[in-house]
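Hi there,

Here is the structure I promised to pass on to you. Have a look at it first, and then read on for what turned up.

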Number of protein chains: 2
Amino acid sequence: MDVERRILSHNDDLAAALRDRFARHGVFVVNLVSGPGSGKTELLQRTMSDLRPHLRVAAVTGDLATENDAARLAESGAPARQILTGTMCHLEADMVAAAIDDWDLDEVEVLFIENVGNLVCPTGFDLGEDLRVLLVATTEGEDKPLKYPTLTMSSQLAIISKCDLADAVECDVELLERNIEEVRPGTPVLRTSARSGEGVDEWVELIRERFATKTAATAG
Amino acid sequence: MDVERRILSHNDDLAAALRDRFARHGVFVVNLVSGPGSGKTELLQRTMSDLRPHLRVAAVTGDLATENDAARLAESGAPARQILTGTMCHLEADMVAAAIDDWDLDEVEVLFIENVGNLVCPTGFDLGEDLRVLLVATTEGEDKPLKYPTLTMSSQLAIISKCDLADAVECDVELLERNIEEVRPGTPVLRTSARSGEGVDEWVELIRERFATKTAATAG
């Protein structure tokens with residue numbers, strides 16, 4: 001436990017430095033967390049395309065192996081970089097810092113960090129983000145927030161993804177929402193489908209508002 | 001890394017002791033690993049019900065929180081015990097040993113261990129099992145074996161679950177099979193659906209054969 005605490009405390013220091021750096025350059029940062037296959041990359045592709053006419057967006061994406069996600073995200077035309085974690089089950093602040101080390105952050109307004117697909121381990125690792133967003137897909141079952149409460153509790157927003165499949169997989173979306181509310185009361189929840197477009201406008205608008213709020217606060 | 005190696009080595013010692021104990025009592029042990037929401041519990045419910053007329057089965061199931069899975073598995077009438085891991089992202093050999101400490105293993109012929117839903121962290125943790133089975137659901141996408149190669153490589157059998165949903169979620173099951181083959185050539189793959197029953201007989205038959213083989217080897 002002492003080792004774990006030391007690792008987390010070291011990460012917290014690095015995350016604080018990252019957060020300062022993001023604030024200096026006016027970058028709004030979103031950390032997307034979820035289990036494997038919840039549709040983070042597909043939603044992010046659509047989100048980045050829709051945001052690009054309004055804001056300069058970029059992404060870093062973590063995976064044990066394959067560069068597939070960065071390649072998919074780069075299709076939006078925005079900068080996207082893959083972080084290969086090897087056997088590591090989550091992203092840490094130093095990996096994010098290294099990935100963006102040579103980027104000119106004055107050219108970035110919104111940075112998305114797509115975490116490794118894992119509903120447990122990203123919990124304790126602050127990446128300097130402004131907003132941590134939990135994705136739960138309708139295909140995963142309604143009980144996931146209850147079974148993985150630590151990550152749910154550490155997220156300030158929840159997105160229910162793949163809502164177009166809810167009927168096919170017999171997911172009770174309202175029960176899923178109630179389970180999020182039970183674990184973390186007051187958490188805003190968006191229902192989305194990257195395929196049908198449901199909820200994407202609302203999600204894009206939310207990011208634009210949060211970016212504007214951060215910029216106004218930093219300028220003031 | 002030294003700490004990690006020491007933890008794994010300690011676990012290996014405990015797993016070896018568990019494996020000896022299982023062998024002495026003629027228990028065949030299956031460790032089921034997968035991401036969250038792949039349908040481990042639902043498949044296991046059906047598997048245990050179908051096996052019960054032939055073999056004495058039992059299960060231990062790991063989760064951070066909630067006793068739901070053990071309750072669902074106990075519906076089959078077989079002994080089932082929940083291991084609550086708290087913030088821990090995988091099962092370790094000592095947790096399994098503690099969970100079955102008061103069980104008379106002469107009353108058990110097949111023990112299922114349902115791991116925490118996590119496609120990374122269970123990799124290095126031997127639980128004394130005879131067979132490690134990776135579940136990947138059609139709803140997770142075809143790329144999961146490539147993106148989570150360490151757990152795929154450590155499993156001796158793969159089950160593609162939720163095959164009844166393949167069309168609805170546009171999963172190319174053959175591509176998913178090829179991706180498993182690419183990461184771990186020669187891995188046997190079963191296509192299943194706990195809902196429709198597809199592949200369940202084959203899976204149940206496979207366990208009966210493996211149990212018989214182990215019993216014959218131990219007796220010989």
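To start with chain A: in what order do the strands of its open sheet lie? The order is β3-β2-β4-β1-β5-β6-β7, seven strands in parallel pairing. Please keep in mind throughout that this is a predicted model. At the edges of the chain A sheet stand β3 (80-84) and β7 (189-191); each has a single partner strand, so one side of each is left without a neighbour in the sheet. From one strand to the next, the twist averages 20°.

On to chain B. Its seven strands also form an open sheet, with parallel pairing and the order β3-β2-β4-β1-β5-β6-β7. The edge strands here are β3 (80-84) and β7 (189-191) of chain B, each of which pairs on one side only. The twist in this sheet averages 20° from one strand to the next. One pair to look at is B:Thr61 with its bridge partner B:Gln82 in β3(B).

Helix α2 of chain B deserves a view of its own. It lies across β1 (28-34), β2, β4 (110-114), β5 (131-137) and β6 (157-161) of chain B, and runs at about 170° to β4(B). How does α2 (residues 40-51) sit against helix α8 (residues 200-219) of chain B? Their axes come within 10 Å and cross at roughly 60°, and the two helices are therefore oblique to each other. The crossing of α2(B) past α8(B) is right-handed. On the α2(B) side, the contact involves B:Leu43, B:Arg46, B:Thr47, B:Asp50 and B:Leu51; on the α8(B) side, B:Val200, B:Asp201, B:Trp203, B:Val204, B:Ile207 and B:Arg208. By type, the residues of this contact are six nonpolar, one polar and four charged.

Finally, the interface. Chain B brings 31 residues into contact with 32 residues of chain A. Between them the two chains bury about 2,600 Å², with 60% of that on carbon and sulfur atoms. Which three residues supply more than any others of the area that chain B buries against chain A? They are B:Pro36, B:Leu64 and B:Lys147, which together supply 22% of it.

How values were computed:
Residues numbered from 1 in each chain as written. Chains lettered and ligands numbered in written order. Predicted model: local features only at pLDDT ≥ 70, side-chain atom pairs only at ≥ 80, totals over all residues. Heavy atoms only, no water. Axes fitted to C-alpha atoms, helices over the stretch in contact; angles between N-to-C directions. Helix = DSSP H or I, 4+ residues; strand = E, 2+ residues; numbered from the N terminus. Parallel < 35°, antiparallel > 145°, perpendicular 65-115°, else oblique. Left-handed = near helix turned anticlockwise from the far one by under 90°. Contact = heavy atoms within 4.5 Å. Nonpolar A, V, L, I, M, F, W, Y, C, P; charged D, E, K, R; others polar. Pairing = 2+ DSSP bridges. Buried area = accessible area lost by both parts, 1.4 Å probe.
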